[in-house]
There are 2 protein chains.
Amino acid sequence: MSALPIRIVLVEPSHPGNIGATARAMKNMALRELVLVQPKQFPHAEATARASGADDVLAEARVVGSVAEALEGCGFVAATTSRERDQNFRVLDVRAAAERIVAEARTSPAAVLFGAERTGLTNEEVILADAFLTVPTNPDFSSLNLAQSVAVVAYEWWKGTHDKPEFKVPAKFRRAKAANKEDLIGFFEHIEAELDRTEFLFPADKRAAMVQNMRNMWQRAGLTYQEVQTLRGMVRALTGGKKRKKKDE
Amino acid sequence: MSALPIRIVLVEPSHPGNIGATARAMKNMALRELVLVQPKQFPHAEATARASGADDVLAEARVVGSVAEALEGCGFVAATTSRERDQNFRVLDVRAAAERIVAEARTSPAAVLFGAERTGLTNEEVILADAFLTVPTNPDFSSLNLAQSVAVVAYEWWKGTHDKPEFKVPAKFRRAKAANKEDLIGFFEHIEAELDRTEFLFPADKRAAMVQNMRNMWQRAGLTYQEVQTLRGMVRALTGGKKRKKKDE
């Protein structure tokens, strides 16, 4: 069907039934790439039962140990949310998000992150996301079932891909190759290591929050591969670059 | 929430879990009126479990003996279908159907009919329908789960009712005080001056383009006032901060 690489990532799903129902909803909309981060129970008979013909998607699902691992090779990542976020982050309605994903997936694999049933995604789990995605709901009862939420996302993705025979990538999204998540993590760790050499990330009990705020900032910029290289070069330059390296040796 | 009367009718649903999941999907989108035509098992613990907080919708569900009875008092009725129909009938995409339903429900209660899980609606059951409604899917795997199909219909109904053409950022996501342009320029000039001390912005004929690319990056992040302060602190830290200042004096 579609050759566009869109990855669905379920983080710590509790109910195997939801995994199966997710696989079915994905296949209904021609999505194939399912990644499970530390599922509570998988494989499981209930997952297979609810997949109901999407056993192939289930069989090909990858089980991984971390969100970072799940997102390897990805460019644009959207994290689902229904909760208030105190970070200053871009929140896209699911329809707008689907259009964006279709556009982004033309250059690098894109992914959508879904959190655990009861708790959603933690702030740590969304650190690699480029945008939040929300399904609009009745504010008095906004907790969507996990697989139904996947179904709505997949449906909007399908509409965005197949409805307009000539879907054109808006100029504003026509970008150079996005940085993949490994590149970004490499940069994060580089600048944080340098900042650890200074007193900038002190006191220690504030470090995690400071790191998260900074990562959010970079994240929001939607960096390209080339820009991440530039940033790394900039950090090397600011910290003395080759000169220091020699001195350290 | 909504005063518009939209009735969801499940015809001979086999799995009580789907009834519960339907109630939940309905309540997520502020739909309340559920009618069950000869459900195989209802009430049922599995229905209650999957309703997960939409017990009120479940408790108010009416159980009736026929489609005609389920549709009493209704005006416009849409029947879901995924199959080709040999009748010469109007088939509306779910989005168009939702718009129509919103419009029709202003004058009389409207209803959407969903068939049994394995078989869908029979020709007899759709005899009272004014239009067919279809959720577009992958033609190679078009069988949607019953409750997921309700979820997509309810979602489109909600969008049609509550969405203004201009999606507004919910108040809860409105961001902290944005950096004003003077703050940004102050930061730009700070980091560029530091980079000029290194060989990073060389050769000189490339400087203008490099500066522009970097400014674009920061620009795209949509920085807040606080974040600009953080970035300036970071640059000071990376370049040796107070220590160097003293040395320079």
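Figure 1. Ser52(A) counts as partly exposed because it has 16 C-beta neighbours inside 10 Å, where partly exposed is the class between buried (20 or more other C-beta atoms within 10 Å of the residue's own) and exposed (12 or fewer), with C-beta atoms placed from the backbone. The phi of Ser52(A) is near 45°, a positive value in a residue other than glycine, and the residue lies in the loop between α2 (45-51) and α3 (55-59) of chain A; helices here are DSSP runs of H or I with at least four residues and strands are runs of E with at least two, numbered from the N terminus. Ala30(A), in the loop between α1 (16-28) and β2 (33-37) of chain A, likewise has a positive phi, near 65°. Ala30(A) counts as buried because 20 C-beta neighbours lie inside 10 Å. Most residues other than glycine have a negative phi.

The structure is a predicted model, in which local features need pLDDT of at least 70 and side-chain atom pairs count only at pLDDT 80 or more, whereas totals for chains, interfaces and linings use all residues. Residues are numbered from 1 along each chain as its sequence is written, and chains are lettered from A and ligands numbered from 1 in the order in which they are written.

**Figure 2. Cis peptide bonds in chain A and chain B.** In chain A, Phe202(A) and Pro203(A) are joined by a cis peptide bond with omega about -10°, and Pro203(A) sits in the loop between α7 (181-197) and α8 (204-220). In chain B, a cis peptide bond with omega about -5° joins Phe42(B) to Pro43(B), the latter being found in the loop between β2 (33-37) and α2 (45-51).

**Figure 3. Strand β6 of chain B and its parallel partners.** Strand β6 (residues 110-114) of chain B is largely enclosed by the rest of the structure, because five of its five residues are buried. Ala110(B), Val112(B) and Phe114(B) point one way from the strand, while Ala111(B) and Leu113(B) point the other way. Strand β1 (residues 6-11) of chain B pairs with β6(B) in the parallel sense over five bridges, pairing being assigned if DSSP finds at least two bridges between two strands, and Arg7(B) stands opposite Ala111(B). Strand β4 (residues 77-80) of chain B also pairs with β6(B) in the parallel sense, over three bridges, with Ala78(B) opposite Val112(B).

**Figure 4. Surroundings of Gly115(B).** Gly115(B), in the loop between β6 and β7 (131-134) of chain B, counts as buried because it has 24 C-beta neighbours inside 10 Å. Leaving aside neighbours within four places in sequence, Gly115(B) is in contact (C-beta atoms, placed from the backbone, within 7 Å) with Val11(B), Thr80(B), Gly120(B), Leu121(B) and Glu125(B).

**Figure 5. The contact between chain B and chain A.** This contact takes 56 residues from chain B and 54 residues from chain A. On the side of chain B that touches chain A, the largest share, eight residues, comes from α6(B). By class, that side of chain B has 29 nonpolar, 17 polar and ten charged residues, where Ala, Val, Leu, Ile, Met, Phe, Trp, Tyr, Cys and Pro count as nonpolar, Asp, Glu, Lys and Arg as charged, and the others, Gly among them, as polar.

Definitions and conventions:
Two residues are in contact if their C-beta atoms, placed from the backbone, lie within 7 Å.
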